[in-house]
Structure formats: structure tokens, C-alpha cells
Amino acid sequence: LNAALGRAPRQRVRFLPAPAPGGGGALELVAARVPVLADHPLVRGPRFRKLKIGAGHRLDVKASGVFVLGIGHGNKLLTDLYNCHLTKVYTVGGLFGKATDDFSDTGNLVEKTTFDHITREKLERILAVIQGTNQKALLMYSNIDMKTQEAYELAVKGLIRPMGKSPPIITAVRCLQFALPEFQLEVHCLHETQQYLRKMVHEIGLELKSSAVCTQVRRIRDGVFTVDDALPRTQWNLQGIQEAIQNCQLKVETELEKTL
Amino acid sequence: RRGLGVAVGPPSTRQLREAEEAALVFQYAGKAARRKDRVFVWGFSYSGALGVPSFVRPDAGWKKPRRIQPTPYRLETEEKISSAACGYGFTLLASTTRDITKVWGMGLNKDSQLGFQRSRRDQTKGYEYVLEPSPIPLPLEKPQQTRVLQVSCGRAHSLVLTDSEGVFTMGNNSYGQCGRKVVEDEIYSGSHLIHQLKEFDSRVVQVVCGQDHSLFRTKKGTVYACGWGADGQTGLGHYNITSVPTKLRGDIAGVNIIQVSSYGDCCLAVSDEGDVFGWGNSEYLQLASVTETTQVNVPRHLPFKIGKIKEAACAGTGNIVLTEEGNVFVWGYGILGKGPNLIETAVPEMIPPSLFGWSDFSPDIRVAHVCCGLSQFAALTNRGELFVWGKNLRGCLGTGRMEDQYFPWRVTVPGEVVDVACGVDHMVSMVRSF
């Protein structure tokens, strides 16, 4: 960044003494545009000495996926995005038959169970119940009086969301793949942590009268940022970052205007 | 050489893997594990209609009487209950078993709407409040072959439909709603009389109780009615009481009716072609789309252009229909389910499917069944979720709150809801466990 061309030095009009065109010795003041010495690169020093980088919603060590960062002025946008309370989408992979103490497949084994009685239909039924109870929690924590007409209209459009602190809420779950003993879910959630998602996988296992551990948690969408906008490891350079910021700027602005 | 005092160190990956493979495998449910059928009740309990005696008379010192059960509570039953009906303070549960006991009743029994329940203290008298599901003795000719198909309850009378022995009626008969001649000054409390009705043009396939009248639908698609008719709810062309089931004419003559419904004083019938017919009370604009009169005593066709209608249900002041596409329409008076601003309408208004869980994420959710209480509505989706809305009289909605619900709200039931029966202040649902 510092190697890039900085701001051109400011110019100032100064009256400098210059030898007169006539005879020698007499000095005359001539107006000339000279660069200000204070703007000289050797005086000013490098433009950026440190960068303020802020992080968006947390991502575990064992999880992967989209991680939003803000640079410089973007940190203020980060707080605004946090107050928008937009949903995040995860792909959660699970494995039936095991139960561990930290709900993931790298923990200490607690129990092994059979799982051949589980079918995709049973799993989808459990997911429907999870969605149902979380839907109720969504309406309750949004702190809207249920008796008003506007509450009804928001509920019809599906726009009721908790706009403050709330426990983790899952707005939608869907089963993407099911191949015993593995399965994969797509989860849309609010205010959650990855460990909560792993615990949810464990509870799904318990409900199906077996046990399950979580093998993979991958965030594929965080508010307006999707995996397509995210920079892979090979593009962690200045140009990649600049392009990504430019691409996302418009999206972020429209979303903030819509919500706040 | 391993000696004492030598540390073991953390287990290596190979040791962990071997330990895991050697661990015992527990089996909680085998491949043939079947889903169990359960019954859940909620609402006002002091009448005994919930069937849990400990709510009314606590059997342990620390228990307190529970006046209202605000969330679904599991009711233990001996047999699998196939049909349930809620009346005005009492409940009937029926099972399709071939055993001698096929119907159980609980709640108010002041008019013998639950048959004669012999009191243990005094063998000549009967119980006026039945707190537990008690068997109802039906005078069947072949008790070990006949099956009970359906039960229905009104304000103070009940109907039991069997597959080969017609319809049994019991309870209050002051308006002829039990299908037998009205006896002056008859005392209904502690009565042993259960009347049997067999004279219909074909086998009866559905029985429905209104507040003080009864409707019978036969296999041929005809509808019979008896009982109080001051609001025209018997649909027989007059406003008098009828004590013998009589065939209805009017716009439904010759039409194959596939479903009848009533709970208060208004009645709706659905034909196999998707048309809906109504008669009875119209003070709350239920039939205002065809007539200005407040009582309609002949079935009239309701010309609604909302699609082919699959099912209809009547509440006390409002009506609800379900179309083939799975959309729900409401009209009438009261809390109809479209927010606090919609209080009355004569024309059916659709309830947006997004309130039942439909969204871009799950676009195949449809409403499969609708049911009405006196001022509540209930809808079941094809995923087995129960939505209720309406006046929350004594906690009958089951939402856990005491406030009225102006738009459909999910009831959390641990299982897939198969059927629901709504009463005035309580509800019963048949649920299959996961």
C-alpha cells in the first residue's frame, strides 16, 4: 500500500527571491508555485504505518467459511451490519452413530449407537419441529405486540426478526444430503455460535433415538456476503482485497439503507 | 520395562481408534420401531373435560388444582384413539377396537351426555362430573364385531356412529336433538336411555352435532337433520323443532354431499364438485352473500369463486373453508385470523399461506385439515403442524399464553399432529410420536 502512489504534494504560491533579469546583485520577488516541504515523502514518512482491521461475526477454529473483515472506516459499517441482524447460512455435516463430549468428531467418545432405523423422512420430520419451535421463539423475541395490525402484516411477509439481543434462533433448516451414516444440513440462523450448531446436531441424534456428531460447519453466507464474494487463500493480496471491497460496497450500502 | 511411577502419557491415535472400535454399541430403537399414537389435551380442566383427575382433585399434598392447562398435556389412554370430539364442557374419545369398551367420555354429565356413569358411593345415582376417561356402555347387538367410526358432541348431547348398527344418541333431548320424541319434563340427569337410529336411506358415514341439533350424512350424499330449528339450522324449511331425522332439500337435493359441518347454529355442507352450501343462523354475515335474512332454513348454495372446496368448518360466528390447492378462506364475525382489523366480512378472505410456514425455503407446505371450536379455528398442515387462532377462552388455544390470537400461531406438540377436535374451552389432538 505504501508503495502505491500517494497523494500528490500540495502546491503553494510563494514569492521566492530570484536574481533580477537586469543587473547583478539586486534580488526580485517572483511568484512561483512550489511544492510544500511538509508534504515531501521524506518528511511525511510512509502513508500507512498500521491498519485498523475489525472482524465481523466470530468463526470457530474448527469451522470454516465466510469471515467478514472491515478495514479502517469499514469498522463503523461492521457495527451497522451487526445491528441489522441478518441471517447467516451454514452447511452443517453430521455423522450418526457416535456421541462425543464436545459434539464434534474429534472429541472423546462417550457412546456408540445403532442408526440403521433412521430414514430421511424421520430426519425431515425432526427438522420441521425444530423450525416450528424456533419460529415461535422468533416471534416472541422480536418484542412486537401480537395484537396489532402491523404485527400481523410483518408476520405475513415473514419480516419479524429480533432486533436486539436474543438466544440463538434457527430460521430455516433443510436436509441437503442423506447417506447413512452421514448427512448434511443447510441452516439459516441468527445470533448463534458454531458450538450451538454442533449441539443441535447432537440433539437431532438424540431425538432420532440414536446419537450424532458434527463433522463440518461451514458458513456460506453472512448477511450480504456469500462464498462467491469471499477471497480464497491465493487472493490474499492488495489487488484482490481492493477488488473485493469495490464489488461489495454497493451491496452493503443498499442493505444498510433498507434496514436502518 | 514398565515399572511403578512411570507416566503413561496421552493416548496415541492408534490407541484411540482401537478403543473406539472396541466400545459397546447401544441400541435404543430397532429397525421395526413403530411410531406411537398419543392423545394431547389442553384448556379448561375444572369441568373434567381434560380427563386428568389430578388437575381437579390433586392426589398428592404438594399438587395444586390446575384450573387451566395452557400447553398440550399428554393423556394416557388404554387403546389407540381414532376419533375424538369436544362438546361444551365434555369430551368423547372413541377407538376402532373390537373389544367391548369402545367409547370413553369425560367432563360434564348433567344431562347424561356421557351415558350413565354409576356412582361408586350410591349405586342408584350417576356421576355429574366425570374426571377420568370412563367407558360408555353402548347397547350394541354384536359388541365384539361392531366398530365405532366417529363421535360428535354438541352442547348437551352426543352422537356415536358405528359401522353396522347405525347411530347411538344420548344426552339432552329437549329439542329432539337425540332423534327421539320429546318427552315433557324429562329428567336427563342419571338417565340410562341411549337411543339408536337406523332409519336412513343408506349407511350413515358422518355425524355432526350443532349446539342443539344433529346432522347425519349418508353414503348416498344426503343429509338428515333433527333438533332445534329456531335459527333454521335443521334446514327443513321451518323454524320448529324436529324430533325425527328428516332429509334436507333445498339447493342440496340431488347433490352428493361429501362433508357436513356445524358447531353453533350455522351449518355448511361441501359437495363432491367443490361447492359449498349453507343454512342456519346468519346473524354474523355467514350467509350474507346470498341473503339479507338472519335465519336461513333451507340449504342455499354459496356462490364463492375461490376454487374447488375440499373441506368446510363452522364456528359459532365465523366460517372457514379449505380449497383443493391448500388455501384457507375465512368469513363471518369475530377474530378471523387476519389481524385485529378484520372483524367481520361476508365474503371469504384468504389467509396468506406464509402464516402457516410456507416460504421460498419450504414451498410444499399446505394446509390439510381445518377444524373449529366455538370461537377458535385450528388448521393442520401436511407436515403435521397445528396452527390455532381466535379467542383464547380459558387457555383453550394451547399457545401457553392467555391472550387472544389474531393470526395463526403454531402450537408446540411433541409429535406429528394427525387430528384435532375443538371445543368451547378445551381441545383434544391425536398425535403420532416421532
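Two strands pair if DSSP finds at least two bridges between them. Helices (H or I, at least four residues) and strands (E, at least two) are themselves DSSP runs, numbered from the N terminus. This is a predicted model, in which local features need pLDDT of at least 70 and side-chain atom pairs count only at pLDDT 80 or more, while totals for chains, interfaces and linings use all residues. Residues are numbered from 1 along each chain as its sequence is written, chains are lettered from A and ligands numbered from 1 in the order in which they are written, and side-chain values use heavy atoms, with hydrogens and water left out.

**Two open sheets in chain B**

- One open sheet has four strands in the order β16-β17-β18-β19 of chain B, and their pairing is antiparallel.
- Strands β16 (257-262) and β19 (295-302) of chain B are at the edges with a single partner strand each, so one side of each has no neighbour in the sheet.
- From one strand to the next, the twist averages 15°; axes are lines fitted to C-alpha atoms, for helices over the stretch in contact, and angles run from 0 to 180 degrees between N-to-C directions.
- Five bridges link β16(B) to β17 (residues 266-271) of chain B in the antiparallel sense, and B:Q259 is placed opposite B:V270 in β17(B).
- Strand β10 (residues 167-171) of chain B pairs with β11(B) over three antiparallel bridges, and B:V167 lies opposite B:L197.

**B:Q150**

- B:Q150 belongs to strand β8 (residues 148-153) of chain B.
- Leaving aside residues up to four places away in sequence, B:Q150 touches several residues, including B:S83, B:L159 and B:V207; contact means heavy atoms within 4.5 Å.
- B:Q150 and B:V207 are 57 residues apart along the chain, and their C-alpha atoms are separated by 7.4 Å.
- The side chain of B:Q150 reaches the backbone oxygen of B:V207 at 2.9 Å.

**Strand β11 of chain A and its partners**

- Strand β11 (residues 212-222) of chain A runs parallel to β4 (residues 64-65) of chain A, joined by two bridges, and A:S64 has A:R218 as its bridge partner.
- Strand β12 (residues 225-226) of chain A is joined to β11(A) by two antiparallel bridges, with A:D222 opposite A:F225.
- β11(A) and β12(A) form a hairpin with two residues between them, and A:G223 in the turn has a positive phi of about 70°.

**Salt bridges**

- A salt bridge is a side-chain nitrogen of Lys or Arg within 4 Å of a carboxyl oxygen of Asp or Glu.
- The count comes to 26 salt bridges over all chains.
- One of them joins the side chains of A:R120 and A:E124 at 3.4 Å, N to O.
- A:R120 and A:E124 are separated by about one helical turn because they are four residues apart in helix α3 (residues 120-141) of chain A.

How values were computed: Polar contact = N/O pair within 3.5 Å; in protein donor to acceptor, adjacent residues only side chain to side chain.
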